[in-house]
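Thanks for coming. Please have a look at the structure first, and then I will go through it.

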Amino acid sequence: MAAMFRMQLLLPALVSLALIAAVAPATRTHLRFYMHDIVTAESSASPATAVRVVRGVTPLPNDPTNRFGDMYAIDDALTEGPGASSPVVGRAQGYYLFASRTDAALLLSANMLFTAGKYNGSAVAVFARDAILDAVRELPVVGGAGAFRGASGYGLLRTSTFNASSNNAVLQIDMYLDV
Ligand SMILES: *[C@@H]1O[C@H](CO)[C@@H](O)[C@H](O)[C@H]1NC(C)=O
Ligand SMILES: *[C@@H]1O[C@H](CO)[C@@H](O)[C@H](O)[C@H]1NC(C)=O
């Protein structure tokens, strides 16, 4: 009697596990694109897309420009390749904040919204510690929308070019997404 009862409880549990496995196979998508962080306008065709909206009070050690607490609102173009005239595939919209009192480390919080191609209208939400002098920074993916609804995964961010007089940078981003 007791054994039969256990059996009845166990069967539905096994069936629902099998269903979950059948309907939700995660697919991995790799996307590479470039983010143009324009702090100083380069031309009328290339306006500033990263704008300081909060000025911190504590200067960072050995850094004449940035202060702990500085915050930039961003609406950076995402392009297929690293060049300024490479086709636009989306926008990185959000902010970054100088979040360390002692290091060049940002909190980067942004939606990577795609505006062309297969993923037009879909977005990936990123919430990351971006230690800007490191060769590779990891971008935790906290979710997504559209084709990327419920996405998990991560990105790898590398500085492709940086101009120390304008503070403009081109960043290479590789996203590995499981949907
Ligand atoms: C992306 O989608 C929007 C809205 O549906 C549409 O207006 C636009 O033309 C599309 N862009 C490209 C490049 O396909
Ligand atoms: C770097 O920025 C300065 C100041 O905006 C500009 O004059 C110079 O041409 C830029 N250098 C490169 C290689 O783009």
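Buried residues account for 27% of the 179 residues in the chain. A residue is called buried if 20 or more other C-beta atoms lie within 10 Å of its own, exposed if 12 or fewer, and partly exposed in between, with the C-beta atoms placed from the backbone.

A note on the source. This is a predicted model, in which local features need pLDDT of at least 70 and side-chain atom pairs count only at pLDDT 80 or more, while totals for chains, interfaces and linings use all residues. Residues are numbered from 1 along each chain as its sequence is written, and chains are lettered from A and ligands numbered from 1 in the order in which they are written.

Next, the elements. In sequence order the pattern is α-β-β-β-β-β-β-β-β-β-β-β.

Now the core. Which residues of the largest nonpolar core touch the most other members? They are Leu78, Met112, Val124 and Val126, out of 36 residues in that core. A nonpolar core here is a set of buried Ala, Val, Leu, Ile, Met, Phe, Trp, Tyr and Cys residues joined through C-beta atoms within 7 Å. Several strands each supply at least two residues of this core, among them E1 (28-37), E5 (71-79) and E8 (123-131). The largest share, 7 residues, comes from E7. In soluble globular proteins, nonpolar side chains tend to be buried together.

E5 and E6 pair in the antiparallel sense over 9 bridges. E6 and E7 are also antiparallel, over 9 bridges, and a hairpin of 6 residues joins them. In that pair, Tyr96 stands opposite Leu108 in E7.

Last, the ligands. Around ligand 2 are Thr40, Asn163, Ser165 and Ser166, where a residue counts as near if its C-beta atom, placed from the backbone, lies within 6 Å. Around ligand 1 are Thr115, Ala116, Asn120 and Gly121.

Terms used. Helix = DSSP H or I, 4+ residues; strand = E, 2+ residues; numbered from the N terminus. Pairing = 2+ DSSP bridges.
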